[in-house]
Structures are given as structure tokens and as C-alpha cells.
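Start with the structure below.

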Amino acid sequence: MVRVDFGNRERLAELMDREFYKCYQCGTCTVNCLLGDSLLVRRTIRHIQLGITPENGYIWKCISCNFCGAQCPSNVDIAHIFRSLKALKYEEKNYPEKVNEVLWNVYEEGNPLGSPKKERFTWLQKTGSSDEYDVLIYTCCMAAYDKHGQDILMRTAYILEKAGLKVGFFTDSSCCGDAVYHVGDDYFYEEVANQNAERLDGYKAEVILTVSPHVYHNLKNLYPRYNARISTPILHHTQYLYELLNEGRLKLGKLEARVTYHDPCYLARYNDIVEEPRGLLEAIDGIEFVEMPHSKRETLCCGGGGGGIWLENEEARDVTRRRLDEVAYIDTNVMATACPYCIRMFEDESKVLNMDLNVIDVTELLYEALVQSVKAST
Amino acid sequence: MLRNIIVLLKIVPKPEEVVFNPETKTVDRSKARNEINEADKNALELALKLKEKYGGKVITLSMGPPIWDKYIRLGVAMGADDAILVSDRALAGSDTLPTSLTLATAIKKIGDYDIILCGEESSDGGTGQVPPGIGGWLDIPHVTYVSDIVEISQDGWATVKRTIKGGHELVKIKLPFIAAVELGSNKPRFPDFRRKRWAEREFQLKIWSLQDLGLEPDKVGFKGSKTIVSELEEVKPAERRKEVLSGDLDELARKLYEILKENI
Amino acid sequence: MEDIWVFIEQDDGELEGSSLEVLSKARELGEKYGYMVSGVLFGSDVKKLVEEAGRYGADRIIYVDDENLRIYNAEVYAKAMVELARRYNPNTILFSATRNGRDLAGRVAIPFNSGLLAHVISLDFDEEGRLTGRVPGFGGSIAAIVKCIDSRPQLATVTPGVFEAKTFDRECKYVEEKLEVDLTPDKYLVISREKSPVKDISKSEKVVVAGQGTGGELDIVYELAKLLNADVGVTRPLADRGLAPRDIQIGSTGVNLKSKLVIVLGASGAPHFVSGIKDCDLVISINKDADAPIKEHSDYFVVADIFKVVPKLLELLRGGGDA
Ligand SMILES: Cc1cc2nc3c(=O)[nH]c(=O)nc-3n(C[C@H](O)[C@H](O)[C@H](O)COP(=O)(O)OP(=O)(O)OC[C@H]3O[C@@H](n4cnc5c(N)ncnc54)[C@H](O)[C@@H]3O)c2cc1C
Ligand SMILES: Cc1cc2nc3c(=O)[nH]c(=O)nc-3n(C[C@H](O)[C@H](O)[C@H](O)COP(=O)(O)OP(=O)(O)OC[C@H]3O[C@@H](n4cnc5c(N)ncnc54)[C@H](O)[C@@H]3O)c2cc1C
Ligand code: SF4
Ligand code: SF4
């Protein structure tokens with residue numbers, strides 16, 4: 001007979017915000033997990049319901065896409081359960097060795113890559129600092145240390161300036177802590193979150209803009225849970241640009257392209273931001289927009305979330321490829337998205353597969369369209 | 001159960017942030033951030049692993065200025081049970097001879113030790129002379145370029161893995177001994193941030209002066225050193241052409257091919 | 001006449017080439033300042049080794065032939081060296097800064113209370129006869145000019161590869177010494193060894209160096225090296241990960257190259273690494289990051305993904321193109 005360990009179950013319940021009580025063991029999650037059945041999602045939840053802490057190992061592969069959660073008829077936040085398990089294992093000092101390296105990197109250099117702290121903003125041309133901005137951009141580590149990411153940041157800034165806004169970069173930023181959160185180091189995360197919140201308060205800005213859904217999610221939804229509060233409104237760049245578009249402040253020219261859009265998990269599933277990026281793309285004259293079979297809240301995943309991109313999660317490559325299969329299926333060679341992780345993952349994997357695919361940020365298309373309109377008017 | 005495991009921690013400036021001032025011919029460390037010497041972190045990790053397996057108390061020992069405090073506490077947050085800093089103005093200018101003498105004297109004062117672990121070399125001075133030096137002063141065996149301590153047996157011997165040209169060897173060494181741990185031989189654990197809060201707020205770091213060690217000032221510092229640094233100079237990197245090639249992959253490959261053909 | 005000693009390292013009958021470089025340098029200093037030059041060799045059945053070493057500029061080779069000295073043992077070698085030095089009282093003892101050389105020198109310095117210069121890249125005596133050398137620090141970007149003071153013997157380890165080993169046509173005496181100390185190891189026993197022959201790449205003409213950017217996939221690196229008839233080296237992280245032996249690690253804690261051509265694939269150009277390629281004639285690097293610091297240390301800096309451009313290059317080298 002199975003006996004329930006009530007004490008342990010209560011402990012787990014507290015850790016996981018009681019999410020697992022909603023589960024009635026239908027198994028939908030296991031079938032749908034993007035990593036295949038190696039995560040034994042349903043069984044894991046069953047064990048927790050019985051007060052048994054799942055054994056270590058496989059839980060570290062979860063990329064927190066919450067594709068499973070989106071399919072769950074009972075609306076269980078399954079990704080949260082897995083992340084809580086990671087926190088539990090972290091507390092027990094039972095985690096993959098690679099985690100140490102990632103955390104040291106964030107601690108020493110302020111980014112999970114381990115790139116030198118002082119090179120975070122070397123690409124930033126103008127240094128003119130001011131005390132007040134309309135828009136303050138919080139870069140993502142992935143973007144700050146990556147040529148393509150830097151382009152996206154600069155182009156976003158350009159578009160905003162063209163709309164007559166005063167734009168600044170949050171230059172004493174360090175990592176938002178996304179990787180720290182996902183490997184489960186709550187105490188370190190709390191410190192990172194509070195330090196960033198405190199520094200952000202030193203700036204006067206109307207809005208804080210992020211080019212990364214992960215930064216967005218951390219700042220907006222996770223920081224407050226760790227008592228790190230930011231008084232300035234936080235927006236993802238697609239949200240803000242969409243507002244500007246509706247206010248008639250973006251003058252867009254014509255672009256000929258067949259474009260699809262990949263919804264990043266942390267925009268679509270976690271924050272319900274799905275219409276804004278589409279609205280932006282559709283506003284560009286000449287763009288033929290095509291949807292992939294999975295989109296919006298049902299989007300697939302790039303494989304880079306949940307700390308996966310830093311932990312060399314080999315199995316996540318299948319997740320990346322699955323999405324690329326859909327791109328191939330709808331036959332387009334421009335995939336727009338709105339997340340530096342997604343761009344990195346898809347760009348790398350499509351190269352390996354020798355695909356003729358342009359993975360770009362929505363911002364980059366807007367930039368092109370803007371340049372077209374400037375050209376047209378001169 | 002093991003007796004004390006003593007780990008030597010040196011705090012060093014990050015190598016890529018040190019700048020040389022050619023006019024004053026001095027090294028400007030002021031703009032560089034500091035860190036625990038990388039190889040010493042490997043030593044601490046190994047010590048903590050040994051403790052988990054064989055018991056004992058892990059104590060870190062450093063010789064340097066009081067500003068090292070913060071980094072030493074990071075070692076405590078990683079799991080060290082205790083930490084000692086030897087700090088005294090008279091120590092300034094010590095070469096490896098008095099450095100190893102001072103550290104050895106402090107080790108004697110800590111006492112009751114089975115294993116002393118340190119890094120293979122520091123990333124600033126980088127002489128690698130301190131570990132065998134300490135072995136000499138304490139008259140205990142030393143072993144260098146250690147990538148692992150495989151086993152410690154009941155009869156008071158340890159088996160260590162030492163890197164040699166073309167491979168490695170296993171050395172059986174009698175306790176107590178000092179081992180210099182190879183850089184990169186393990187992945188140092190990340191500090192426990194709950195413990196870090198305690199280490200920063202409540203942990204009492206012991207600071208010992210020369211007097212506490214019973215060492216005469218003329219045995220250490222410039223006076224006790226048998227080497228002097230007469231001058232510093234920048235090792236200028238060779239002048240390079242720095243020609244950047246970028247663009248189309250096929251063209252790049254062809255250009256590379258031509259450059260190679262020209263040069264071999 | 002006072003004596004400069006050079007510790008001639010051997011391992012199970014194989015001479016360490018870099019000790020001979022130091023010996024030849026000592027010869028030069030001996031000529032210049034009027035010192036006698038002695039090689040000191042420990043080993044077992046060393047007749048042949050002793051004669052070989054004698055050709056590199058020594059006035060005499062002092063050797064101890066004992067089974068306990070067949071391979072390096074920190075305890076036994078230090079005992080032997082200390083006793084021998086007490087007996088002869090040399091002015092200076094030089095070691096090649098190999099792992100064993102540094103290990104031994106560091107220990108021997110203590111009983112003599114001697115100054116010890118660390119892995120010097122130049123060596124001389126000053127007007128007062130004090131041993132002087134340039135000691136690289138901070139990963140090789142800065143050097144200190146360091147002198148021994150009030151020391152007898154004066155000690156230094158010498159970075160392998162900075163001096164050239166030369167043979168001299170001169171007479172060398174061979175002096176076998178018997179020691180009074182018991183050379184049976186007491187607290188330090190080498191119980192097993194695993195080693196494979198490694199190529200000494202410090203003198204290779206062409207080297208292809210793999211950094212972390214290769215992701216540890218060394219196939220194309222070896223392929224490129226093969227086509228160019230070059231040797232392969234790696235950056236430290238790859239050696240740390242066990243993907244290549246330490247012996248082919250380039251940099252301040254590895255090998256210093258003096259090659260005519262180095263191709264650096266996916267290394268960022270950290271100071272500890274670039275000090276290992278600074279003496280090379282032509283440096284070509286490939287990196288996908290246009291701002292990687294290695295650019296400053298390259299003659300040709302190719303901004304590209306290794307996995308995209310190298311296969312194309314391989315094709316050309318194989319004669320696949322119109323070449
Ligand atoms: C450019 C330069 C060149 C130098 N050349 C020489 C020289 O030729 N001869 C010479 O005698 N001195 C030299 N020195 C001085 C020497 O670096 C100092 O004496 C230093 O205090 C100790 O040596 P190290 O850093 O080289 O230690 P290493 O022997 O490289 O250190 C090995 C390990 O010993 C431990 N350790 C070393 N120092 C400390 C400490 N202060 N506290 C705690 N643990 C420690 C650490 O675990 C470290 O990883 C030089 C210094 C510089 C900057
Ligand atoms: C005391 C001490 C001693 C040390 N001694 C040495 C030493 O002797 N030798 C040594 O090497 N290091 C040494 N180090 C380590 C050194 O500081 C650096 O960490 C190391 O050299 C970095 O290695 P890397 O360049 O291979 O890796 P990284 O710094 O990670 O660089 C990888 C590079 O590859 C590029 N890249 C990635 N993917 C691709 C791709 N697909 N195509 C093209 N480019 C790509 C990246 O842009 C990046 O520039 C030492 C460190 C210390 C503290
Ligand atoms: S899909 Fe939801 S209800 Fe069904 S087993 Fe998974 S978590 Fe439980
Ligand atoms: S969040 Fe994604 S990876 Fe994790 S269990 Fe759910 S579907 Fe699988």
C-alpha cells in the first residue's frame with residue numbers, strides 16, 4: 001500500500017503554491033511535454049501528491065516552456081512545479097556541476113556567459129548620459145554580448161528616437177537573474193533582484209523597456225515575490241512599439257517579405273502578449289504574414305528557457321528543431337520573434353541544419369520599414 | 001575523522017583588469033576588481049569534498065591586507081568553517097621565502113592539521129614557490145600539480161593524483177602534507193547565499209599580527225626577502241598587422257587559403 | 001673557481017630537453033663571468049644520459065646513480081640536491097621551470113634560505129655577481145626584473161624554450177657521487193604512472209590552436225592541422241575539460257610557442273593565453289566575435305564561425321577548389 005508522507009507533502013505544497021492539488025492525473029502533460037516522455041511529468045506530480053520528493057536528475061532538463069501547462073485541462077502551472085523542484089534540489093546541493101559555473105559567472109561578471117563585465121556596453125556608441133529619459137532600456141545579457149543582439153538594441157533605440165523619445169540604456173545593469181532563478185538559488189536571486197531594483201530606482205524614466213521576455217518576466221512578475229519593487233512601469237518592446245504605432249508615431253515604409261512569427265513562451269504563455277507583435281508586423285505594408293501550426297498560447301519553444309541555454313541541455317535541441325520543422329513546413333525564410341534566447345537558439349540550429357532562414361527580431365523589420373519610409377520621403 | 005584541513009587563499013586582481021603605467025613603471029591594481037585566486041578556489045572545493053567524505057574542519061588562511069576581508073568571507077560562504085587572515089604592515093614586500101615562512105608559522109599556530117591545500121600558483125606573482133616552501137618550513141612532505149586526492153586511508157596515508165609530462169601519476173603521501181592543487185581540476189561550488197549573509201554579518205574573522213605569530217619583523221617583508229624587484233616592465237605584445245577579414249564565407253576561405261599558401 | 005649548477009632532469013632514462021637549454025645558457029654565463037659550469041643529474045643507470053648531457057656545455061656532470069632516483073620523487077630529489085649542494089657549495093643552481101623543476105627548486109630554497117627567481121625569461125649576473133632575471137607576472141603581460149640578494153646558492157627556474165640548447169665541442173668530466181643520506185622514500189611514494197608519449201610542440205613550426213569556440217569538437221582542428229602538416233595546441237579550458245593533454249596547452253601555464261605560423265580557432269585572447277603565442281611570427285585567428293581581444297594579437301583576424309569557414313578551407317586545401 002502506498003502511504004502518503006503528509007509532512008513532506010505539506011512542505012512541497014508550500015514550495016509550489018499548492019499547484020499540484022489541482023492535478024487529476026489525466027496524463028495530458030506527459031504526452032505533450034516538448035522534451036518527449038523523459039520528464040515523466042504526470043508521474044512526477046503523482047509522487048509529489050503522495051509526498052515523495054522526486055529523485056534528482058531529469059528535472060534539470062525542464063526548459064520551463066510550460067507547453068504542458070497550457071494543455072492541462074486543470075490549468076496546473078506545471079513549469080512552476082518543476083522550477084520549485086530545482087529550488088529544492090539546489091537547497092540540498094544536489095545539482096549539475098555546470099550550475100556552479102553559471103552562478104559564478106553571474107556573481108563575478110554580471111552575466112551567465114562569463115564575458116567580462118566591462119565589455120557589456122562597449123558597443124554602445126554614444127555615452128551622453130542624462131538624468132531623465134522617456135525610455136530606459138534594460139538589456140539582456142544574451143543581447144549585450146552578441147553582435148546580433150546589439151543590433152537589435154541599437155535599432156530599437158533608433159526607432160524610439162525617431163519617434164521623438166529620449167532613450168537611455170541602464171548601463172549599471174547586471175544580469176536580471178533569470179538563470180539564477182531557474183537553477184533555484186533563491187537567496188542569490190533575491191540579492192540580484194533587489195540590487196537591480198535599487199539601481200533602477202536611481203534613474204528617472206517614464207518606462208523601462210526590455211527586449212527580452214525573460215527580463216520582462218523577471219522584473220515585472222518575479223522580482224515582487226522577492227520584495228524587489230520597481231516603481232517605473234515595465235514594458236516589453238513589442239508592447240511599447242505597438243502603443244507608438246497606434247498613436248501614429250511610427251512612419252513605416254514598404255517591405256516585401258513573407259514572414260512568420262514565433263511567440264516566445266515568456267511573452268505568449270506567461271504574459272499573454274500575442275497581439276502586439278502581430279499588430280506591428282501587419283502594419284508594415286507589403287508583408288505577407290503567415291502563422292505556423294502552433295502559435296500564440298499554443299506556441300512551441302526554442303529550447304533555451306528555464307536556464308537551459310546556459311546548462312548545455314542537449315535534449316533541448318530536439319525542441320528547437322521541432323519548431324524549425326514548422327517553419328520549413330509553411331515555407332518561409334523569415335522568422336520574426338521577440339526574444340534574444342529564441343534568436344540565438346534558432347539561428348544556431350538553423351545553421352547546423354543548413355536552412356536558408358533569417359531569424360530576426362520584430363524590431364529589425366520595423367527598422368527596415370522605417371528606413372524605407374525615410375528614404376521615400378527624401 | 002580528519003583533523004584540520006587548511007586551505008590557503010590568496011586574493012588577486014583580475015588579470016585582465018590590471019594596467020601597467022609605463023611612466024611610473026608601476027602596476028596599477030586600483031582599477032582592477034579582486035577575486036579569490038582561481039586555483040585556490042579549486043583547492044577549497046577539494047577541501048570541502050574531503051570534509052564531506054572524511055570529516056574534519058576546513059580553515060582558510062590568508063596573508064594580506066585587511067581589504068581581503070570581503071573575499072575571505074566568500075570562502076566561508078562556500079563552506080569553510082573558519083578563516084584566518086595574517087595581516088601586518090611589516091609583511092609588505094615579502095618574496096616567497098618570508099611568505100611561506102609566515103604562512104607556515106600561522107599553520108603551526110592553527111595546529112592539529114592533517115592536510116594543507118593551496119593553489120598550484122597565483123595569477124599575479126605566479127611563482128608556484130610558496131607550496132614547496134611551506135613544506136620545507138614545516139618539514140612535511142609536499143606534492144604539486146595535484147588534480148585530485150583519490151583516497152585517504154586509515155593508516156595515515158593519502159593517495160593523490162599528480163599531473164606529469166604526458167599524463168599523471170599516483171603518489172602515496174604521508175599525513176600531514178601540503179598539496180598544490182591544479183587550476184581547473186574541479187568546479188568550485190557556488191557560495192551558499194544564506195550562509196554568505198551570516199558570513200558577512202556575524203562571522204568573526206580572526207586577524208593575526210606578526211606578534212601573534214611570534215615572528216620577528218626582520219624575518220619578513222623586504223628585510224626577510226632574498227630577492228628584490230629592481231624594475232617592472234611591460235611585456236609588449238609583438239606588433240601585429242591586425243588585418244580584419246570578414247564577409248562572404250567562400251571568399252574568406254579563399255583568402256585564408258591564399259594567405260596560408262604564401263606562408264607555408 | 002665558483003660553480004654554476006644546472007639541474008639536468010630526466011625521467012626514467014629520458015632527458016628533459018629544456019634542461020639542456022638551461023645548461024647551454026649557463027655555459028654562456030660561465031664564459032662571460034668566469035664560472036665553472038656543472039650539470040647535476042639524478043637517475044638510475046644513467047651512464048648514457050650523463051654522456052649525452054655532457055655535450056651541451058658543461059665542464060663536468062655530477063651525477064648520482066640510484067634506483068630510488070629513476071623517476072622524480074619530491075622527497076628524495078630534494079634530499080639528494082640539498083646534500084650535494086652542501087657538499088659543493090655552488091654559487092648558483094638553475095632549474096628548468098618544468099613541473100618537477102619548480103617543485104624541487106621551491107623546496108631546496110628553504111634550507112639554504114636562498115632567493116629563488118621564478119621561471120625567468122632572461123638571465124644574467126649583475127656587477128656584484130647577483131643572479132638577475134626577468135620574471136613574468138600577471139599572466140605574462142608584465143615582467144619584473146628580480147635579483148637574488150645575500151643568497152648562497154642563488155636559485156632560479158628558467159622558462160622552457162627561451163634559450164637554445166647548443167652542443168659544444170669541449171671536454172666534460174663525469175663525477176659520480178655517493179650520498180650519505182638514505183634515499184629510500186619515507187613519506188612520498190610514486191605508486192603508479194600513466195603516461196603517453198607527447199610531442200613537444202614548443203618548437204613546432206606550425207600550430208593550430210583550438211579554443212572553447214570549437215566546443216571541444218576537435219575533428220576539424222586535427223583535420224586542418226594534418227593538411228597543413230602542423231601540430232595541435234589547445235587553450236586551458238579544453239585541457240581542464242580533459243579533451244587534450246596539459247602538455248599541448250598554450251599559454252602562461254602551458255607551452256610558449258615560437259612557431260612561424262599559428263592558427264587560433266575560437267579563442268578569445270585572454271592575457272594568460274596570448275603570452276603563449278606572442279613570440280610567433282604569423283598569427284591568424286578565426287573568431288565569430290568581431291570584438292574578441294584576440295584581434296589585437298593577430299596578423300589576420302577572420303570574423304567568422306569556425307564551423308562555416310574551416311570546412312570550406314579544408315576543401316580548398318584538399319584541392320577541392322580550382323586551386
Ligand atoms: C611580477 C612578479 C614577479 C615576482 N617574482 C618573484 C621571484 O622571482 N621570486 C620570489 O621569491 N618572489 C617573487 N615575487 C613575489 C611573490 O609573488 C610574492 O612573494 C607573493 O606574496 C607570493 O608568491 P606567489 O603569489 O608567487 O605565490 P605562488 O607560489 O604562486 O602561490 C601558490 C599558492 O600559495 C598560496 N599563497 C601564496 N601566497 C599567499 C598568500 N599571501 N596568502 C595565502 N595564500 C597564499 C595560494 O594558495 C597560492 O595559490 C614576484 C611578484 C611579482 C608580482
Ligand atoms: C593563473 C591562470 C593561468 C592561466 N593559464 C592559461 C594558459 O596557460 N593558457 C590558456 O589558454 N588559458 C589560461 N588561463 C585561462 C585564461 O584566462 C582564459 O580563461 C582562457 O584562455 C580562455 O580560453 P578560450 O579563449 O578558449 O575560451 P573563451 O574565452 O571562452 O573564448 C572562446 C572564444 O571563441 C569564440 N567562438 C565561440 N564559438 C565560435 C565559433 N563557432 N566560431 C568562431 N569563434 C567562436 C568566442 O567568440 C570567444 O572569443 C589561465 C587563467 C589563470 C587565472
Ligand atoms: S495535464 Fe494537468 S491534470 Fe493532467 S496529469 Fe498533467 S498536470 Fe495533471
Ligand atoms: S515546462 Fe516544457 S519542458 Fe518542462 S515539463 Fe512542461 S513541456 Fe516539458
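Residues from chains B and C surround ligand 2, so the site is shared between chains. The model is predicted. The briefing takes the ligand site first, then a sheet in chain A and another in chain C.

**Shell around ligand 2**

- The shell around ligand 2 holds 27 residues. Nearest are Thr235(C), Ile250(C), Thr253(C), Ser268(C) and Asn287(C).
- By type, the shell splits into 14 polar, 9 nonpolar and 4 charged residues.
- Three helices of chain C each give at least two residues to this shell: H6 (236-240), H7 (271-274) and H8 (306-317).

**Backbone contacts to ligand 2**

- Ile250(C) places a backbone N or O atom 2.7 Å from a nitrogen atom of ligand 2.
- For Ser252(C), a backbone N or O atom sits 3.1 Å from an oxygen atom of the ligand.
- Gly266(C) also has a backbone N or O atom 3.1 Å from an oxygen atom of ligand 2.
- On its own, ligand 2 has 990 Å² of accessible area, and the protein covers 82% of that.

**Sheet in chain A**

- Four strands of chain A build an open sheet with parallel pairing, ordered S2-S1-S3-S4.
- S2 (167-169) and S4 (234-236) of chain A are the edge strands. Each has a single partner strand, so one side of each has no neighbour in the sheet.
- From one strand to the next, the twist averages 35 degrees.
- S1 (residues 132-138) and S3 (residues 204-210) of chain A run parallel and are joined by 6 bridges. Tyr138(A) has Thr210(A) as its bridge partner in S3(A).
- Helix H11 (residues 213-222) of chain A packs on this sheet and touches S1, S3 and S4 of chain A. The direction of H11 makes about 160 degrees with that of S4(A).

**Sheet in chain C**

- Seven strands of chain C form an open sheet, again with parallel pairing. The order is S7-S11-S6-S1-S4-S5-S12.
- At the edges stand S7 (116-120) and S12 (173-176) of chain C. Each pairs with a single strand, so one side of each is left without a neighbour in the sheet.
- Direction ignored, neighbouring strands here are turned by 20 degrees against each other on average.
- S6 (residues 92-96) and S11 (residues 154-158) of chain C pair in the parallel sense over 5 bridges. Thr92(C) has Gln154(C) as its bridge partner in S11(C).
- Helix H1 (residues 17-33) of chain C lies across S1 (3-8), S4 (36-43), S6 and S11 of chain C. Helix H1 of chain C runs at about 170 degrees to S1(C).

Conventions:
Residues are numbered from 1 along each chain as its sequence is written. Chains are lettered from A and ligands numbered from 1 in the order in which they are written. This is a predicted model: local features need pLDDT of at least 70, side-chain atom pairs count only at pLDDT 80 or more; totals for chains, interfaces and linings use all residues. Side-chain values use heavy atoms; hydrogens and water are left out. A residue is near a molecule or strand if one of its heavy atoms lies within 4 Å of it. A polar contact is a pair of N or O atoms within 3.5 Å; within protein, one must be able to donate a hydrogen and the other to accept it, and residues adjacent in sequence count only if both atoms are side-chain atoms. Accessible areas come from the Shrake-Rupley method with a 1.4 Å probe; for residues, only the protein chains shown count as cover. Ala, Val, Leu, Ile, Met, Phe, Trp, Tyr, Cys and Pro count as nonpolar, Asp, Glu, Lys and Arg as charged, and the others, Gly among them, as polar. Two strands pair if DSSP finds at least two bridges between them. Axes are lines fitted to C-alpha atoms, for helices over the stretch in contact, and angles run from 0 to 180 degrees between N-to-C directions. Contact means heavy atoms within 4.5 Å.
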